[in-house]
Amino acid sequence: MAKNPRRRVVLTDAAIDLLAHEGARGLTFRAVDARAGVPVGTASNYFSGRDATS
């Protein structure tokens with residue numbers, strides 16, 4: 001797992017925003033990356049799936 005606490009917060013905030021606006025079906029790694037403004041694949045480096053917390 002990548003070790004950048006600030007990036008992890010940005011990704012988490014993007015995921016929460018997606019859930020609020022798109023619902024669970026809109027919550028994908030690619031969508032989180034786009035919403036957070038990070039390169040594709042970044043979210044999967046920080047989280048292994050929807051249930052990942054650490």
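Ala43 is located in helix H3, where helices (H or I, at least four residues) and strands (E, at least two) are taken as DSSP runs numbered from the N terminus. With a relative accessible area of 2%, Ala43 is buried; the term buried denotes under 20% relative accessible area, exposed denotes over 50%, and partly exposed lies in between (1.4 Å probe, protein chains only). The model described here is predicted, so that local features need pLDDT of at least 70 and side-chain atom pairs count only at pLDDT 80 or more, while totals for chains, interfaces and linings use all residues. Residues are numbered from 1 along each chain as its sequence is written, and side-chain values use heavy atoms, with hydrogens and water left out.

The confidence of the prediction was examined through pLDDT, the predictor's confidence in each residue, from 0 to 100. The chain averages a pLDDT of 90, and 91% of the residues score at least 70.

When residues up to four places away in sequence are set aside, Ala43 is in contact with Leu11, Phe29, Val32 and Asp33, contact being defined as heavy atoms within 4.5 Å. By comparison of C-alpha positions, Ala43 and Arg25, which are 18 residues apart along the chain, are separated by 16 Å. Thr42 also has its place in helix H3, and this residue is buried, with a relative accessible area of 8%. Its contacts, not counting residues up to four places away in sequence, are Arg7, Leu11 and Asp33.

Ala43 belongs to the largest nonpolar core, which has eleven residues: Leu11, Ala14, Ala15, Leu18, Leu27, Val32, Ala36, Val38, Ala43, Tyr46 and Phe47. A nonpolar core is here a set of buried Ala, Val, Leu, Ile, Met, Phe, Trp, Tyr and Cys residues joined through side-chain atoms within 4.5 Å. At least two residues of this core come from each of helix H1 (5–22), helix H2 (29–36) and helix H3 (42–46), and H1 gives the most, with four residues. In soluble globular proteins, nonpolar side chains tend to be buried together.

Leaving aside neighbours within four places in sequence, Leu11 is in contact with Val32, Asp33, Ala36, Val38, Thr42, Ala43, Tyr46 and Phe47. Leu11 and Pro39, which are 28 residues apart in sequence, lie 11 Å apart in space, C-alpha to C-alpha. Val32, under the same exclusion of neighbours within four places, is in contact with Leu11, Ala14, Ala15, Leu18, Leu27 and Ala43.

In H2, the buried residues are Val32, Asp33 and Ala36. These residues cover an arc of only 100° around the axis, which puts them on the same side of H2, the arc being that of the directions from the helix axis to the C-beta atoms. What covers the buried residues of H2 includes H1 and H3, whereas on the other side of H2, Arg30 and Ala34 are exposed. Just after H2, Gly37 takes a positive phi of about 70°.

Val40 has its place in the loop between H2 and H3 and counts as exposed at 59% relative accessibility. Although Val40 and Arg30 are ten residues apart along the chain, their C-alpha atoms are separated by 6.1 Å, and Val40 touches both Arg30 and Asp33, not counting residues up to four places away in sequence. Ser48, in the segment after H3, likewise counts as exposed, at 72% relative accessibility. The C-alpha atoms of Ser48 and Phe29, 19 residues apart along the chain, are separated by 9.6 Å.

About 300 Å³ of space lies in the largest pocket. Of the 14 residues that line this pocket, the closest to its centre are Ala15, Leu27, Phe47, Gly49 and Arg50. On a 1 Å grid over the protein atoms alone, a cavity is a set of points where a 1.4 Å probe fits but cannot get out, whereas a pocket is an open set with protein on both sides within 12 Å along at least five of seven lines, and lining residues have an atom within 4 Å of a point. Grid points are joined across faces, edges and corners, and a volume is the space filled by probe spheres set on the points. H1 and H2 each supply at least two residues of the lining of the largest pocket, to which H1 gives the most, with five residues.
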